[in-house]
Amino acid sequence: MTQLKQISEQVVARFGAAHRTLGTAESLTGGLIASSMVEVPGASQVVKGGFVTYQSVSKTMLLGVPAEMIEQYDVVSAEVARAMAKGARERLGVDIAVSATGLAGPDGGTPERPVGTVFLGIATAKGVYDIPLHLTGNRARIRTLTMKNALNAVR
């Protein structure tokens, strides 16, 4: 059994046992977080839904992330990650929502914000949090590591 499958199974099992629901808001991962969980039997009791908001306009339209926030902080920021998670939690009516925004490359990085800069957002009834990540590797590796980190964060 792969490590990823084990993590996904643990998330689904723990959320199911606690009668909790989960939603996602994904940018650079393009649905990988939600997809990894729905591979697990029983996920329909846990995963209520998810948003793939690859472009800024979809973050605003679907999740309610203010365009001004994106303009002020950049789409790859802790602020936007938190707003994405909060928007997903509110719109899906879930206990916890996780979001991911970042630079998977190979292009788009700057010295201040290099490829591999990623922010996760976690929204719960107690608050909204962010987790900054500084990942290395090619595009596929950065996207996979982002997914694993998101699953570990909600686990």
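Student: Where does S36 lie, and why is S36 counted as buried?

Tutor: S36 lies in helix α2. This is a predicted model, by the way. The cut-off for buried is under 20% relative accessible area, and S36 comes in at 9%, so it counts as buried.

Student: What is S36 in contact with, leaving aside neighbours within four places in sequence?

Tutor: S8, M147 and L151. Contact here means heavy atoms within 4.5 Å.

Student: Which residues touch the most other members of the largest nonpolar core?

Tutor: That core has 26 residues, and V11, L22, I33, M37 and V154 touch the most other members. The elements giving two or more residues are α1 (3-17), α2 (32-38), β3 (96-102), β4 (117-124) and α6 (139-154). The largest share, five residues, comes from α6.

Student: What does V154 touch?

Tutor: Not counting residues up to four places away in sequence, V154 touches V11, F15, L22, I96, V98 and I122. There's also a second, separate core of 12 residues, with A25, I70, V80 and V94 among them.

Student: What makes β2 and β5 edge strands?

Tutor: Look at the order in the open sheet: β2-β1-β3-β4-β5, with mixed pairing. β2 (47-52) and β5 (127-134) each have a single partner strand, so one side of each is left without a neighbour in the sheet.

Student: How do you know that β4 and β5 really pair?

Tutor: Pairing takes at least two bridges, and eight bridges join β4 to β5, which run antiparallel. For a spot to look at, V118 stands opposite L133 in β5.

Student: Which strands does α5 touch where it packs on the sheet?

Tutor: β1 (22-26), β2, β3, β4 and β5. The direction of α5 makes about 35° with that of β4.

Student: And what describes the packing of α3 and α5?

Tutor: Two packed helices are described by the angle between their axes and the distance between the axes. For α3 (residues 56-63) and α5 (residues 78-92), that's about 35° and 9 Å. Their crossing is left-handed.

Student: What makes the contact, and how do its residues divide?

Tutor: α3 brings K59, L62 and L63, while α5 brings V80, A83, M84, G87, A88 and R91. They divide into six nonpolar, one polar and two charged. Gly counts as polar, and Lys and Arg count as charged.

Note on methods:
Residues numbered from 1 in each chain as written. Predicted model: local features only at pLDDT ≥ 70, side-chain atom pairs only at ≥ 80, totals over all residues. Heavy atoms only, no water. Axes fitted to C-alpha atoms, helices over the stretch in contact; angles between N-to-C directions. Helix = DSSP H or I, 4+ residues; strand = E, 2+ residues; numbered from the N terminus. Left-handed = near helix turned anticlockwise from the far one by under 90°. Core = buried A, V, L, I, M, F, W, Y, C linked by side-chain atoms within 4.5 Å. Buried < 20%, exposed > 50% of the residue type's maximum accessible area, 1.4 Å probe, protein only.
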